Amino acid sequence: MCLDRISLTFSIWAKWSHIVWYSANICHGARATAGKCRAGNCHWRNGSSLPTTLAIQTFEGYMPYFRHMLSIEITKMYSEIKNEHEHARNKETADARRELLKWLDGLNCTVKHETTRDLRQNTTGEWLLNEELYMDWRNSSIRFLWLGGKPGAGKSVLARSTIIDNLSSGLAHNETLAYFYCDFSNPPFLRDSKLDWLSSEPFSELVTCKEQGAWPPVDIDTSSDLLRHAARLHQRPMIVIDALDECDDLSKLLDELVKLDADGHCRVFVTARPLHSINRSFASLPSISLGDRVDAVRKDMYFHINTELESRDKLKTLSHDLQEEIRVALMEKANGMFWLVQLQLDRLNGCWSLGDLREVLETLPATLYETYDRMLRAIDKKEFGGRVARTALMWLVTALDSLTLSQIAEALAINVDEPALDSTFVPMHETGILEICGSFVSYNERTGIITLSHYSVKEYLTSNDITDKTHLVDHPRASFELASVSIKSIMLFIDGHSDKLSWVHMSEDRLFRYSTRFGFRHLKNCVPRYNDQLLGVLVTLQDHVSKHHRRYATTVDAGSWMTKISQLALYIIIRFGHLSLLQHYLNHHSIQVTKGANPLVYAALYGGILCCQMLLDSDCDVNVGAIIPGNRWSGGDQNMLPLIAATFNQDPELLKLLVRRTTVPRDAILSVLQVRPVDDVPRTYDIPEPSVIDFLLQHGADAMVLVADGDTCLHLLLEIWSRNESSNLLKIGGLLVEAGGDPAALNDQGMVHYNSFNG
């Protein structure tokens, strides 16, 4: 703010100087004219002449007018400059907020909203807006409302289109709306929200966390705190959450929503299937069941079928009698499921002859799974169709992030045993994947993202109820496939770039981008029977990095960290794999512990007590540190001992295990406070738990150790406080003072940081 004022003052001063200079020249010209015309008359443009003295007097007579005009000009100028600076500040704030939301977001909710809106007819769900319970919720008589219904009943269409569109168009001046779609393909809670509630100052700790390179908060506790904090900034906040049953950690999430209702500040509208856990949690809360609104749902469905019959390219050409026959048959088989009707309309519109249409119409399935079985049989009849569909659907079911159509096409062309891409069985055009998979998938042309079309598709493909077991997506097997192909895609990407390139940027559409961010994470879900193959792939990657060190080192934001680890395969296993894979590695490879390269540090940081015990049994040295690769946000690499790394895990048993093998350094607390956030570890923010500090103090850490500039632990604590005012810092400060920390101690700059902090 101070800099803004200085800048504003200088801008005004510059323009004012220009005006003064201009006025001075006028006055100088007037005096010069007076000198030249002293003996005669001044001749003006209109041809008249005036005595010199009279001319000057006349000019001076206009001075009050000039001063008034100058005052108006200065006021206008000040207003313009102020507006310019406010606009610049607002733009900067908006940019910072946009970047923060991008960091928090996985997918843009707007895309999902537009996709669902396309499925809604003009009058769909209007009855819901007139429901007494909904009107009570809308006018704040009740704070919580649950819309329940079975799979495919149209809950998402009602929530995403009817409710959100109605709320968005009718918000009062003091109302704020946030909405979230609990997409099964994007599980992290509230990372997908339209949280325009966020502003930079109240969430400065998030900004700091982002700038330091930490991952966005994905745990429910942190997300819930964030949501409540954001809601408090608004008078009448409303939240719409669709498909709650598709979220991970459902039981914990239900508890948080009940707490949010008890808090009484937010109005929450939720859609979900009537699962047992949801029924139990929401038993005492207001709800609307689509199963109890049969007439309203059937009316919506009838109108939807009519509209589709009149608009689809093939169906609209049918005779009136045949259209009526289709209408009656679909209404009889629908059983209240809009999604089932939509699938049957897709099949009917895909028929090339009346005979095919008749066959489909006469054998309409009664359930979603029976419909999916028939869709798979139709795909398998196409040459190579089954192969393409199996791979594409496996990726969409198992992937940990959204995928583009180009990434799926690339995955289809990768054979782990081949040295290059093999496009033999890949459709010649990417859109061929959409044609083969049909109604199993949805595609957004604007973003290029392809997803499963419905949650029930994922349930079907992973269920033993699927008739054709060749399409069954076995999670361990699929995880092995995705991990292997991801690692192979990294090597293929690097092979495609020259050593002469200074920097290599990732393309959004390349599978390499997904692989470097999420590919290794699939290792955790593999099973022991794949250990030998996985170890072979990882060792191949390790050798590949060694051979193409420069190419990996110059790959922006992706491969560069791989060049900083000497035993890369072991590091990846510790960080991303499971214990049986680690044991398999230890059985076949020796471990090297050197200065700056100690696998025990990685185990303490990313693994757990069992992982550390396995490495200790393999003679890893607890007193040797290791380099933790940095990134462009957190700065340079960090060197830390196993004990310091273990403070991230905040597991007291792990700390005890390591302390039995070593002594706690006197400067341990300083080291903990100086460590920056590290990706993929529980301690997302740079705040240690008070119990960790207490443990270190009890085992020999010194609260008064100084760093080079004379700072003590209390000084460093205040630096963290400036980024995040956590109550844990107050507790830590108390522990340090009790252990002998001096609140009045000066650093080399003569600052008594902790006195200010304590005040």
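Reader: What volume does the second largest pocket have?
Author: A pocket, on a 1 Å grid over the protein atoms alone, is an open set of points where a 1.4 Å probe fits, with protein on both sides within 12 Å along at least five of seven lines. Its volume is the space filled by probe spheres set on the points, which are joined across faces, edges and corners. Here that comes to about 850 Å³. Bear in mind that this is a predicted model, where local features need pLDDT of at least 70, side-chain atom pairs count only at pLDDT 80 or more, and totals for chains, interfaces and linings use all residues. Residues are numbered from 1 along each chain as its sequence is written, and side-chain values use heavy atoms, leaving out hydrogens and water.

Reader: How many residues line the second largest pocket?
Author: Lining residues have an atom within 4 Å of a point. There are 29 of them, and Thr391, Met394, Ile414, Arg477 and Glu481 lie nearest the centre.

Reader: Which helices each supply at least two residues of that lining?
Author: Helices (H or I, at least four residues) and strands (E, at least two) are DSSP runs, numbered from the N terminus. In this pocket, look at helix 17 (385–398), helix 18 (405–412), helix 21 (475–495) and helix 23 (531–547).

Reader: What is the order of the open sheet of three strands?
Author: Two strands pair if DSSP finds at least two bridges between them. The order is 8-10-9, with antiparallel pairing. Strand 8 (403–404) and strand 9 (441–443) each have a single partner strand, so one side of each lacks a neighbour in the sheet. Strand 9 pairs with strand 10 (residues 449–452) over three bridges, and Ser442 has Thr451 in strand 10 as its bridge partner.
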